[in-house]
Amino acid sequence: MKKLMMSSAAVALIASAAAADEVRVYNWSDYIDEALLEKFETETGIDLVYDVFDSNEVLETKMLAGGSGYDVVVPSGTFLQRQIAAGAFQKLDASKLPNLANMWDTVKERTVQYDPDNAYSINYMWGTTGIGVNTGKVTELLGEDAPVGSLSLIFEPSNMEKLAECGVHFLDAPSEMIPAALKYIGEDPDSHDPDVIAKAEAVLAGVRPHIQKFHSSEYINALANGDICVAFGWSGDILQARDRAAEAENGVDIAYNAPSEGALMWFDQMAIPADAPNPEAAHTFLNFIMDAQNMADASNYVYYANGNLASQPMLEEDVIGDPAIYPDEATLENLYTTTPYPAKVQRVVTRLWTKIKSGT
Ligand code: SPD
C-alpha cells in the first residue's frame with residue numbers, strides 16, 4: 001500500500017478548502033426550525049454543522065478558553081459583554097451583511113448596552129424568564145387562586161411544598177435564578193453586592209427541598225408530557241411546551257406568565273469568535289438569518305420575538321399579537337435587565353449556586 005506523504009503546507013491548504021465549504025454554528029437548543037438549516041445549505045452550497053447548548057455558562061467556558069472551532073455562537077447580552085471585553089469576538093464586516101438594513105432600531109438601542117455600536121453582534125431573538133404552569137395540576141393542588149403569575153408560586157415554601165407532588169424544575173442558571181430571588185424579596189435583581197446576593201441564597205435554600213431538578217432545556221418536554229407541573233424557564237420554551245401538549249392532545253394545558261413582580265428581559269446575540277475558522281461563511285450565515293422571511297419563519301416556529309423589523313409583517317398573529325412574546329408598553333415597563341458580574345462577584349455566585357444545587 002502506498003503511503004501518501006503531504007507537506008504541512010498541503011495539509012493547511014486542504015484544511016482551508018474544507019473550511020471554505022463549511023460553517024459551524026453553536027446555538028441554543030430548541031431555537032430554530034430545522035427546515036431553515038436545510039434551506040441555508042441548499043441556497044448557499046455551504047455545509048452547516050449545527051450544535052446546541054442550553055447554558056450561557058457552558059458557552060462562556062468555550063469562548064474564554066478559545067479554539068472552540070465555531071464560526072457563529074449566540075451568547076446572551078450580559079455574557080457577550082464580558083466576552084467582548086476578553087477579546088473573544090471579531091468585529092462584524094457590515095459590507096458583507098446587506099440584511100442589516102432589516103434590523104429593528106428599538107432592539108438595537110437596547111443591545112448597545114452590551115455591545116457598543118452593535119459592532120460585534122446581531123440580535124437573534126429576545127425574551128423573558130418566567131413561570132410555566134400546568135394549569136390543571138396547579139389549580140388542583142393550590143386552588144383557583146393559585147398565584148400562577150407571581151414569584152411567590154416558586155419562592156414561597158408553603159406553595160412549593162404542595163407543588164413538589166407534581167414536580168418543579170428551575171433553570172440551571174445562577175445568572176437568572178439569583179436575580180429572580182432578589183426581585184421576589186424586593187432587592188435590586190442586578191445587585192453585585194455579595195451581601196445582597198447572599199439574601200438570594202436564603203430564598204433559594206428555603207424552597208430547595210421541593211425542587212425536582214435544575215435543568216435548562218428538559219422542562220419543555222417535561223411540562224408538555226405532564227411529568228412536571230411548574231417550570232421557571234424561558235418564555236418561548238414554555239410556549240413550545242404548550243404547543244407540544246396541544247399537538248399530543250394529552251389534556252395538558254400549559255400557560256406562561258412573566259412574574260408580576262418583574263421579569264428578566266434578555267437578548268441572545270449572534271457573534272463570530274475571534275478565532276473562527278471560516279469568518280466568510282459566518283457572515284453568509286448571519287446574512288441568511290437576517291433575511292426577513294427566514295427570521296419570521298424562525299420566530300413563528302419557536303415563539304420568541306426577534307430583532308428584525310422587516311420580518312414583522314410575516315409573523316403569525318399568535319406570535320406578533322401575543323404580549324408574552326412581543327410585550328406591550330405596560331409589560332415592557334415591568335421588565336428588568338442585568339449586567340455582567342465582575343470576576344470576584346462571579347466566584348461568589350458560582351459558589352452559592354453549587355451549594356444550592358447540592359442542597360447542602
Ligand atoms: N431554547 C432557547 C432558549 C433561549 C434562551 N436564551 C437564554 C437567555 C438567557 N438569559
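Trainee: Why is Asn 134 called buried?

Mentor: Asn 134 has a relative accessibility of 5%. Buried means under 20% relative accessible area, exposed means over 50%, and partly exposed lies in between (1.4 Å probe, protein chains only). At 5%, Asn 134 is therefore buried. Please note that this is a predicted model, in which local features need pLDDT of at least 70 and side-chain atom pairs count only at pLDDT 80 or more, while totals for chains, interfaces and linings use all residues. Residues are numbered from 1 along each chain as its sequence is written, and side-chain values use heavy atoms, with hydrogens and water left out.

Trainee: Where does Asn 134 lie, and which residues does Asn 134 touch?

Mentor: Asn 134 belongs to strand β4 (residues 121-134); strands (E, at least two residues) and helices (H or I, at least four) are DSSP runs numbered from the N terminus. Leaving aside residues up to four places away in sequence, Asn 134 is in contact (heavy atoms within 4.5 Å) with Gly 226, Ile 228, Cys 229, Val 252, Asp 253 and Ile 254.

Trainee: What makes Val 72 buried?

Mentor: The relative accessibility of Val 72, in strand β3 (residues 72-73), is 0%, so Val 72 counts as buried. Its contacts beyond four places in sequence include Tyr 26, Met 270, Ala 282, Phe 285 and Leu 286.

Trainee: Why is helix α13 described as largely enclosed?

Mentor: Eight of the eleven residues of α13 (residues 279-289) are buried, and the helix is therefore largely enclosed by the rest of the structure. Among them are Ala 281, His 283, Phe 285 and Phe 288.

Trainee: What makes helix α14 largely enclosed?

Mentor: In α14 (residues 292-302), eight of the eleven residues are buried, so the rest of the structure largely encloses this helix. Its buried residues, including Asn 294, Met 295 and Val 302, pack against α2, β4, α12 (235-248), α13, β10 (305-306) and α15 (317-320).

Trainee: How do you know that Asp 291 caps α14?

Mentor: A side-chain oxygen of Asp 291 lies 3.1 Å from the backbone nitrogen of Gln 293, at the N-terminal end of α14. A polar contact is a pair of N or O atoms within 3.5 Å; within protein, one must be able to donate a hydrogen and the other to accept it, and residues adjacent in sequence count only if both atoms are side-chain atoms. The distance of 3.1 Å therefore falls within the 3.5 Å limit. Just after α14, Tyr 303 has a positive phi of about 60°.

Trainee: Why are Asp 117 and Glu 249 called exposed?

Mentor: Asp 117, in the loop between α5 (105-111) and β4, has 70% relative accessibility and so counts as exposed. Glu 249, in the loop between α12 and β8 (254-257), is exposed because its relative accessible area is 72%. Phi is positive at Asp 117, about 65°, and at Glu 249, near 50°; neither residue is a glycine.
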